[in-house]
Amino acid sequence: MSRKLLWLVALCAVLALVGCGGGDKKDETASAPAPAAAPAAPAANAGGVSGTVTFAGTDTDTPIAFSADPVCASLHKTPADTNEIAAKDGKLGNVFVYVKTGLEGKTFPAPADKKELDQQGCLYTPRVQGIQVGQPLTIKNTDATLHNVHALAKTNAEFNQAQPQGLPPFDKTFDKQELMVHVKCDVHPWMTAYVGVLPHPFFATTGDDGTFSIKNLPPGKYTLEAWHEKLGTQDQEITVGPSQTVTANFDFKGK
Ligand SMILES: [Cu+2]
């Protein structure tokens, strides 16, 4: 009898080690996959760069013929234009500003938080954005019509995916740097978006007021590039001192 009890105690001790009471997942902590990479903490003496992009030229945009799709037409009571030149009061939006050189040899893990590309009112929102290599891009369709997401990537894999009304969002990632990935819709030829894929987080897109701000930039010398879909690119050398935010303005002329 005492031997039987001993046996029970021994058995339970063994079970406890591997997870007594049917807890077959208890030892998972030992072999659980590493959590998604957290964004690297900015250096204590990090600085930044901010500025304004101006435009001196003529807005050459033309009205979009939404009538090709009655659903799109119904979503635009007032006409929208092609919005290639997002200029207002001499300030230029949708300019992608990023650190082009100066970060060589440094690595920046992809953040787990997702970027989003929405199809809304038969337009892409946002039109211009940046994303890190390996960071998920959620593509969704808010419209009650069929869209077709066609990423004309050259360095990354091209993809072409129909997204009918009601289809759930899907995620895509880009595994290489590419400036810029042009996204278009094969159903609505006016729909266009650009995604800048970078191996670091130091990029921004100018807002309607033409301003941009890049934060948490380690001190150093950099080439900053401003990219515009029609007006080309402009480079500027900047030097960021410890905890310093420098100003870099750009001025684009019309073509
Ligand atoms: Cu479309």
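Biologist: Donors are N, O and S atoms within 2.8 Å of the metal (3.2 Å for Na, K and Ca), and water is not among the atoms, so sites may look incomplete. Which protein donors does the copper ion have?

Modeller: They are His-147 (ND1), Cys-185 (SG), His-188 (ND1) and Met-191 (SD). They lie 2.0 to 2.6 Å from the copper ion. A caution first: this is a predicted model, where local features need pLDDT of at least 70, side-chain atom pairs count only at pLDDT 80 or more, and totals for chains, interfaces and linings use all residues. Residues are numbered from 1 along each chain as its sequence is written, and side-chain values use heavy atoms, with hydrogens and water left out.

Biologist: Noted. What spacing do the copper donors follow along the chain?

Modeller: The pattern is H-x37-C-x2-H-x2-M.

Biologist: And what are the angles at the copper site?

Modeller: They run from 92 to 136 degrees among the four donor atoms, and the site is irregular. Four donors count as tetrahedral if all angles lie between 85 and 135 degrees. Four count as square planar, and six as octahedral, if opposite donors are over 155 degrees apart and all others between 65 and 115; anything else is irregular.

Biologist: Is Cys-185 buried or exposed?

Modeller: Cys-185 is buried, at 1% relative accessibility. His-188 is buried too, with a relative accessible area of 1%. Buried means under 20% relative accessible area, exposed means over 50%, and partly exposed is in between (1.4 Å probe, protein chains only).

Biologist: How much of the protein chain is buried?

Modeller: Buried residues make up 40% of its 255 residues. The chain has three helices and 19 strands. Those are DSSP runs numbered from the N terminus: helices are H or I with at least four residues, strands are E with at least two.

Biologist: New topic: salt bridges. How many does the structure hold?

Modeller: Nine. Each is a side-chain nitrogen of Lys or Arg within 4 Å of a carboxyl oxygen of Asp or Glu.

Biologist: Why would such side chains pair at all?

Modeller: Side chains of opposite charge can pair when their charged atoms come close.

Biologist: What does Lys-100 pair with?

Modeller: Lys-100 meets Glu-225 in a salt bridge, 2.9 Å from N to O. That pair links distant parts of the chain: Lys-100 is in strand β4 (residues 96–101), Glu-225 is in strand β16, and they are 125 residues apart. Lys-100 is partly exposed at 39%, whereas Glu-225 is buried at 7%.

Biologist: And which partner does Arg-127 have?

Modeller: Glu-229, with the closest N and O atoms 2.8 Å apart. This pair also links distant parts, being 102 residues apart. Arg-127 sits in the loop between β6 (123–125) and β7 (128–132), and Glu-229 in the loop between β16 and β17. Arg-127 is buried at 9%, and Glu-229 is buried at 16%.

Biologist: What about Lys-184?

Modeller: Its side chain meets that of Asp-186 in a salt bridge, 3.1 Å from N to O. Lys-184 is partly exposed at 26%, and Asp-186 is partly exposed at 39%. Elsewhere, salt bridges that share partners join Lys-100, Glu-225 and Asp-235 into one network.

Biologist: Where does Asp-143 sit, then?

Modeller: In the loop between β8 (137–141) and β9 (147–151). The backbone nitrogen of Gly-121 lies 2.7 Å from a polar atom of the Asp-143 side chain. Beyond four places away in sequence, Asp-143 touches residues including Leu-75, Gln-119 and Cys-122. Contact means heavy atoms within 4.5 Å.

Biologist: Last one. What polar contact does the side chain of Thr-211 make?

Modeller: One with the side chain of Asp-209, at 2.9 Å. A polar contact is a pair of N or O atoms within 3.5 Å; within protein, one must be able to donate a hydrogen and the other to accept it, and residues adjacent in sequence count only if both atoms are side-chain atoms. Thr-211 is in strand β15 (residues 211–217) and is partly exposed at 31%.
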